[in-house]
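Let's work through a few exercises together, one step at a time. Keep the sequence and the 3D view open as you go.

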Amino acid sequence: MPDTLPPVLQVMASKGHAVFTTGRWNLNMFGIRSKSRRSGSFDDLMGCAYRETDGGPWVVKYWPATTDPGTYYLEHPMRVEGTAILATGQYRGAYQFGLHQGKYEALVQTGAEVTVYRDADRDGTLDLDPSTRMTGFFGINLHASGQNSDGDAVSTVVGKWSAGCQVHGTQAGFLDMMATARRSLEENPSWSRFTYTLLDQWW
């Protein structure tokens, strides 16, 4: 019987991205950007898909998140070129364990470059202008929206939590991501990096 990929991995494969189907705890980490181009809400998703045993059933997790900068940083860019918005695509080996802003452990963009748009018009609408694309190390981390959030309570306003990072809307989701990533490295001790794929909402 042929292996049937979960829908999110089918979409990844259809776009020519790598899909990790073999091995134990070989994580396909992803984000899904909603169709809305207004900033300020945790209206996107982050997640991962993997197998706990080689050839075993798929485990797919989804967590509420934002893949966009918050309104504050769109209106108050920290760089003259504008605020970073991560471009959809796959970033192979871009993420490793490290400290977000030197404060707490998260998955940080230290393994490879990523591509961003730069939005400089200081309004709350996300501008994905191809002429503004830049590739490099910009600190587009995968992190929490607050270290004191209550479990599954969803943060409702992005505020200053994101200046371009991929940010969880719940503490429980963030902790689950980190625990899953740690288990992946325990099962595969020669690894140190994670691949992240950002997709546009397709439904």
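This is a predicted model: local features need pLDDT of at least 70, side-chain atom pairs count only at pLDDT 80 or more; totals for chains, interfaces and linings use all residues.

Residues are numbered from 1 along each chain as its sequence is written, and side-chain values use heavy atoms, leaving out hydrogens and water.

**Exercise 1. Find which residues of helix H1 (residues 7–14) are buried, and work out how they are arranged.**

Step 1. Helices (H or I, at least four residues) and strands (E, at least two) are DSSP runs, numbered from the N terminus. Buried means under 20% relative accessible area, exposed over 50%, and partly exposed in between (1.4 Å probe, protein chains only).

Step 2. In H1, the buried residues are Val 8, Leu 9, Val 11 and Met 12.

Step 3. Look down the axis of H1: the buried residues fall within an arc of 155° (taken from the directions from the helix axis to the C-beta atoms), so they line one face of the helix. An α-helix has 3.6 residues a turn, so residues three or four places apart point the same way.

Step 4. Exposed Pro 7 and Ser 14 are on the face of H1 turned away from the buried side. Just after H1, Gly 16 has a positive phi of about 85°.

**Exercise 2. Identify which members of the largest nonpolar core touch the most other members.**

Step 1. A nonpolar core is a set of buried Ala, Val, Leu, Ile, Met, Phe, Trp, Tyr and Cys residues joined through side-chain atoms within 4.5 Å.

Step 2. The largest core has 35 residues, and Met 29, Tyr 95, Leu 107 and Met 177 touch the most other members. Helix H3 (171–187) is among the elements giving two or more residues, and H3 contributes the largest share, five residues.

Step 3. A second, separate core of 10 residues includes Val 8, Val 11, Ile 32 and Trp 58.

**Exercise 3. Classify the pair formed by the rings of Tyr 72 and Tyr 73.**

Step 1. Rings of Phe, Tyr and Trp (its six-membered ring) pair if their centres lie within 6.5 Å; planes under 30 degrees apart count as stacked, over 60 as edge-to-face and the rest as tilted.

Step 2. The centres of Tyr 72 and Tyr 73 are 5.0 Å apart and the planes are at 85°, so this pair is edge-to-face.

Step 3. Tyr 72 is partly exposed at 32% relative accessible area, whereas Tyr 73 counts as buried at 16%.
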